[in-house]
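Hi,

Here is the structure I promised to pass on.

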Amino acid sequence: MAGIRALQRSDLPQVSTLFAQVMGGASAEHVAPYFHRILFEDPWADPDIPSLVHEGPDGGIVGFIAASTRRMVLDGRKVRMAVSSNLVAHPDWRSKGVGALLNRKLLGGPQEFTLADRANDDSRGLWLGLGGQELTGRSIAWFRVLAPAATAGELVGRRSARLGRAARLLSRPVDALGGRLVPPPPRPAGSTEDLTAEVLAEQVATAGRRLRLRPDYDAEYLEWVLGEVRRLDRGALAARLVRGPQGRVLGWFLYLLTPGGVAEVLQVGVTGTDPDPVLDHLVAHAAAQGASAVQGRLEPVTAGLIGRPGVVVRKNARALVHAEANVLGLLSSTTALCSHLDGEWLVSHAARQ
Ligand SMILES: CC(C)(COP(=O)(O)OP(=O)(O)OC[C@H]1O[C@@H](n2cnc3c(N)ncnc32)[C@H](O)[C@@H]1OP(=O)(O)O)[C@@H](O)C(=O)NCCC(=O)NCCS
């Protein structure tokens, strides 16, 4: 019967075929196990907030929206954030309300608020029509350039593989000559060390005394998330705890160093109120690993990088939220921790499978 219902494991072959058909380039055979892992094996998967399918009159699936639950603490209260992702409608069923109805059903769930932070312009239209808002700051990406020609080659390569190869070939000698065009990486005082899932959970809980909105991490969940990040095979994961010169913990950072040389920031956290030393350690660490640039999203914790020499900004995927005014306000402030690690980033790799 036509209508919306919760996704079942047995729907995955059909959903993956639909997804691969809509998102050219994805292979249904690889998408199905990926969806199985990120939607059903997630330790925080919550049957109250299921992914949804829209059936057509003959029972075939004509639309899909993925939902993931993130446990959060809001002003000391345990709440749930739903992360919406991978919305698709069958090409024969476009503009008939399938996407809007799936979105509306998900937004109406029992969660405190809902986030889609890798969205495109089509999703933005749907969300704004359903009472959502755009977090315009989080829709901006920044790059701290370390090797300008290599960064340019990588960015060109994201649009055209052929031009990217040519640009990368030229980049090495150009960067060797023009390295002085950008400031060298900072040399921050203090040190960094490996950050385990257990320590990250502890640090977020400790920093949580200052944060009004944060993830409610536990080691089991973080082990799973970090395992999935590694499984994406998109580069080497760096997870570091930052200490100041006296050994006090100042914060932490996690990034993926992609084969193109861009260090993609997944999370920056600070224990105090000054993120600058942690950001300096992040850039210095990525530079020491050979990164040509560090790329992040404009979040309150990384805002201090904007305007610094060597930092450029660019349009990013849209960050959309459906929330009450208090949560909206917190998400734009330094008293919230809600990073790529918590949003859609992890679950947005289906099209690359
Ligand atoms: C994005 C996508 C899922 C939209 O699905 P769709 O079923 O064609 O969209 P809908 O028919 O629900 O909505 C189309 C418009 O009609 C409106 N609409 C139609 N019926 C509606 C209803 N019953 N209730 C509310 N709004 C409705 C929507 O608000 C929307 O308005 P907009 O064009 O101003 O944004 C679809 O185009 C798609 O699969 N695109 C490719 C994948 C993609 O880009 N996904 C988003 C990933 S971030």
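Let me start with Lys-96: its charged end sits over the ring of Trp-93, 6.0 Å from the ring centre (the cut-off is NZ of Lys or CZ of Arg within 6 Å of the ring centre and within 35 degrees of the ring normal). Bear in mind that this is a predicted model, where local features need pLDDT of at least 70 and side-chain atom pairs count only at pLDDT 80 or more, while totals for chains, interfaces and linings use all residues. Numbering runs from 1 along each chain as its sequence is written, and side-chain values use heavy atoms, leaving out hydrogens and water.

Now the ligand. Among the 18 residues around it, Leu-87, Gly-97, Gly-99, Ala-100 and Asn-120 come nearest (a residue counts as near with a heavy atom within 4 Å). A backbone N or O atom of Leu-87 lies 2.8 Å from a ligand nitrogen, and a backbone N or O atom of Ser-95 is 2.9 Å from a ligand oxygen. The side chain of Asn-120 also has an N or O atom 2.8 Å from an oxygen of the ligand. Taken alone, the ligand exposes 940 Å², and the protein buries 66% of that (Shrake-Rupley areas, 1.4 Å probe).

As for aromatic rings, the whole structure has 8 pairs (Phe, Tyr and Trp rings, the last by its six-membered ring, with centres within 6.5 Å; planes under 30 degrees apart are stacked, over 60 edge-to-face, the rest tilted). Tyr-221 and Trp-224 make a tilted one, 6.2 Å centre to centre with 35 degrees between the planes. Ring pairs also link Phe-19, Tyr-34, Phe-35 and Phe-64 into a cluster.

Cheers

Technical notes: A polar contact is a pair of N or O atoms within 3.5 Å; within protein, one must be able to donate a hydrogen and the other to accept it, and residues adjacent in sequence count only if both atoms are side-chain atoms.
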